[in-house]
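This briefing is meant for a reader who is meeting the structure for the first time.

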Amino acid sequence: MARKVNEEMCVSCGACTGTCPVGAITLEATAVIDENVCIDCGACEAGCPVGAIAEA
């Protein structure tokens with residue numbers, strides 16, 4: 001299952017987009033994870049400086 005973005009915590013910095021090895025994250029108003037592409041590796045969670053990404 002893909003990681004989830006806490007939209008209230010996300011500051012749209014883009015750090016997570018650079019850590020995703022499969023390009024599953026895009027920036028809109030907040031980071032958005034494409035569940036069909038995400039391999040649930042956790043790189044985005046580790047790369048988020050504000051802790052806005054976590055396991056679903």
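Where is cysteine 38 found? Cysteine 38 is found in the loop between strand S3 (31-33) and helix H2 (43-47), in what is a predicted model.

**Cysteine 38**
- With a relative accessibility of 21%, cysteine 38 counts as partly exposed, because buried residues must fall under 20%.
- Leaving aside neighbours within four places in sequence, cysteine 38 is in contact with Ala2, Arg3, Val22, Ala24 and Ile33.
- The C-alpha atom of cysteine 38 is separated by 8.2 Å from that of isoleucine 25, a residue 13 places away along the chain.

**Arginine 3**
- Arginine 3 is found in the segment before strand S1 (4-5), and at 10% relative accessibility it counts as buried.
- Not counting residues up to four places away in sequence, arginine 3 touches a list of residues that includes Ile33, Cys38, Cys44 and Ile53.
- Its side chain makes a polar contact of 2.5 Å with the side chain of glutamate 45, and another polar contact, of 3.0 Å, joins the side chains of arginine 3 and aspartate 40.

**Salt bridges**
- The structure holds 4 salt bridges, and Arg3, Asp40, Glu45 and Glu55 are linked in a network of such bridges.
- In the salt bridge between aspartate 40 and arginine 3, the closest N and O atoms are 3.0 Å apart; aspartate 40 lies in the loop between S3 and H2 and arginine 3 in the segment before S1, so the pair ties together parts that are 37 residues apart in sequence.
- The side chains of glutamate 55 and arginine 3 also meet in a salt bridge, at 3.9 Å from N to O, and this pair links distant parts of the chain, 52 residues apart, with glutamate 55 in the segment after strand S4 (53-54).
- Glutamate 55 is exposed, with a relative accessible area of 59%, whereas aspartate 40 is partly exposed at 29%.
- Glutamate 35 forms a salt bridge with lysine 4, with 2.2 Å between the closest N and O atoms, and the pair links the loop between S3 and H2 to strand S1 across 31 residues.
- Both partners count as partly exposed, glutamate 35 at 49% and lysine 4 at 35%.

**Nonpolar core**
- The largest nonpolar core has 13 residues, and those with the most contacts inside it include Val5, Ile33, Cys44 and Ile53.
- Valine 5 touches Cys10, Ala31, Ile33, Ala52 and Ile53, not counting residues up to four places away in sequence.

Terms used
Residues numbered from 1 in each chain as written. Predicted model: local features only at pLDDT ≥ 70, side-chain atom pairs only at ≥ 80, totals over all residues. Heavy atoms only, no water. Core = buried A, V, L, I, M, F, W, Y, C linked by side-chain atoms within 4.5 Å. Buried < 20%, exposed > 50% of the residue type's maximum accessible area, 1.4 Å probe, protein only. Contact = heavy atoms within 4.5 Å. Helix = DSSP H or I, 4+ residues; strand = E, 2+ residues; numbered from the N terminus. Polar contact = N/O pair within 3.5 Å; in protein donor to acceptor, adjacent residues only side chain to side chain.
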